[in-house]
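Subject: Structure handover

Hello,

Here is the structure I promised you. Please open it next to this email and follow along.

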Amino acid sequence: METSNIFLNAEQLLAHIQALAAIGADPVNGGRTRLALTDDEKAGRDLVVQWMRELQLEVRIDRIGNILGILHGADQGAGLQPLMIGSHIDTVCNAGALDGCYGVLAGLAVVRAYRAAGVTPARAIVVAAFTNEEGVRYQPDMMGSLTYAGGASLPAMLDTIGSDGTRLGNELARIGYAGDMEPGAIMPREYLELHIEQGPILEAEGLEIGVVENLQGISWQKITVHGTANHAGTTPTRLRHDAGYVASAIVAFLREQVVAAAPDTTLATTGSLRLEPDLINVIPRKASFTVDLRDPDEARLQAAEKQLADFLLEIAEREGVGIETERLARFEPVVFDAGLADEIEASAKSFGFTYRRMTSGAGHDAQMIARIAPSAMIFVPSRGGISHNPREHTDDAQLVKGAQVLLDVVQRRLSTG
């Protein structure tokens, strides 16, 4: 297979990033919002499918709504497994333009390079846009890739009720993306995902490429504290059953005890907190909040979960409140394929790009696909480490370098059949 004339069309890649970024854009507050399976996300899906068809890809939609664009290889009919490139196009609220979208569009840029050169790859290339990676409207996050990898029941996922009361399966049908292909029907031989870092490490160290070796384990739960509402001015502290205080004490415990036990690795975040009745002069009767625990080591993550569970029992008895917990998501740490990581490093070296081996702090579709195929990720810097924010930014030159590495790794993998 002749690959010397396969080149990245950087201008087209950047133009597609901007075009997709315009869908769901908020002209007042900045950023864009394309929650999974909303009308805005449907518009984004439609645009990606249009671009796939312009490249004459076979477009398949599976039953969880994952979009697969297939560039068939010279092996057609021989049964060789394809190389898959993927990510997602759904966003959080008021998001940046790059999270997820960059990986999908860079995958299309790889295919475009082959098409422009008139080269048929040795094996098929599949570009995947997975459903509901963010997990904002429906949980768990990374739902499409999890289901694709066989880690979740398709009927259960279709029956998921969203934060707005909608049923996921109904919304898939409503927007026209309830496909007929079984998730996982196309099994990749390897999987690559290009992503912005969403963290500060590469920028802080002045590096251009991150070779992602592993990914942190994630534990999400919702905690509900049931106390007693009472007058803020007449109820002595010793007689209170204050759900607001208990919630605050738990959040402080996470920082002061759980994180302190492994400050270089364990992370704890409370991103959502609601009090009832939410009045300035009433002791809260109820507090509901989330806990996000992360660590790249499974033993440390389990230790953090146990510390928290023990403290919940202790403070519930001490303060005379009831505490309920609900697990929202739990994923073990993932170690990516060493051979693919070596290929990424070799590619960065060949271009003269500075790089480092690193851990991903965020969850990605790659951690799910790693269950069924050798997988790895490529990172490019994020300015200020900011993501999930309208100020998310990576310079165009850095975006192009990441896509060049992706294309080069694809060529390396396909040159061996």
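In which helix is L414 found? L414 is found in helix α12.

Before more detail, some ground rules. This is a predicted model, in which local features need pLDDT of at least 70, side-chain atom pairs count only at pLDDT 80 or more, and totals for chains, interfaces and linings use all residues. Residues are numbered from 1 along each chain as its sequence is written, and side-chain values use heavy atoms, with hydrogens and water left out. Helices (H or I, at least four residues) and strands (E, at least two) are DSSP runs, numbered from the N terminus.

**L414**

L414 counts as buried, at 1% relative accessibility. Buried means under 20% relative accessible area, exposed over 50%, and partly exposed in between (1.4 Å probe, protein chains only). L414 and G73 are 341 residues apart in sequence. In space, their C-alpha atoms are 9.7 Å apart.

**Helix α2**

Helix α2 covers residues 39-54, which makes 16 residues. The expected span of a helix is 1.5 Å times one less than its number of residues. For α2 that should give 22 Å, and the end C-alpha atoms are 23 Å apart, which agrees.

Its buried residues are E41, G44, R45, L47, V48, V49, W51 and M52. What do the buried residues of α2 pack against? They pack against α1 (10-21), β1 (58-61), β2 (67-71), α3 (101-117) and β4 (125-130). Contact here means heavy atoms within 4.5 Å.

Now look at α2 and α3 as a pair. Two packed helices are described by the angle between their axes and the distance between the axes. The axes of α2 and α3 come within 10 Å and cross at roughly 10°. Axes are lines fitted to C-alpha atoms, for helices over the stretch in contact, and angles run from 0 to 180 degrees between N-to-C directions. The two helices, α2 and α3, are therefore roughly parallel to each other. The cut-offs are these: under 35 degrees counts as roughly parallel, over 145 as roughly antiparallel, 65 to 115 as roughly perpendicular, and the rest as oblique. On the α2 side, V48, W51 and M52 make the contact.

**Helix α10**

Helix α10 has 14 residues, 338-351. It should span 20 Å, and its end C-alpha atoms are 20 Å apart, which agrees. Which residue caps the N-terminal end of α10? D337 does: one of its side-chain oxygens lies 3.2 Å from the backbone nitrogen of G339. Just after α10, G352 takes a positive phi of about 80°.

The buried residues in α10 are L340, A341, E343, I344, E345, S347 and A348. They pack against β5 (190-196), β6 (209-215), β15 (355-360), β16 (375-380) and α12 (396-414). Take E343 as one case. E343 is buried, with a relative accessible area of 19%. Leaving aside neighbours within four places in sequence, E343 is in contact with V409, R412 and R413.

**The nonpolar cores**

A nonpolar core is a set of buried Ala, Val, Leu, Ile, Met, Phe, Trp, Tyr and Cys residues joined through side-chain atoms within 4.5 Å. How many residues are in the largest nonpolar core? It has 103, and Y114, I125, L406 and V410 touch the most other members. Helix α3 gives the largest share of this core, 12 residues. Apart from it lies another core of 22 residues, among them F253, L254, F289 and A316.

Zoom in on L406. Not counting residues up to four places away in sequence, L406 touches I85, A106, G107, V110, L192, L194 and I378.

**Backbone details**

Two cis peptide bonds are next. One joins Q139 and P140, with omega about 15°. P140 sits in the loop between β4 and α4 (143-148). Another runs from E276 to P277, with omega near 10°. P277 sits in the loop between β10 (273-276) and β11 (282-283).

D278 lies in that loop between β10 and β11 too. Its phi is near 65°, a positive value in a residue other than glycine. D278 is exposed, with a relative accessible area of 62%.

Q56 lies in the loop between α2 and β1. Q56 has a positive phi of about 60° although it is not a glycine. Is Q56 buried or exposed? At 63% relative accessibility, Q56 counts as exposed.

Best wishes

Definitions and conventions:
A polar contact is a pair of N or O atoms within 3.5 Å; within protein, one must be able to donate a hydrogen and the other to accept it, and residues adjacent in sequence count only if both atoms are side-chain atoms.
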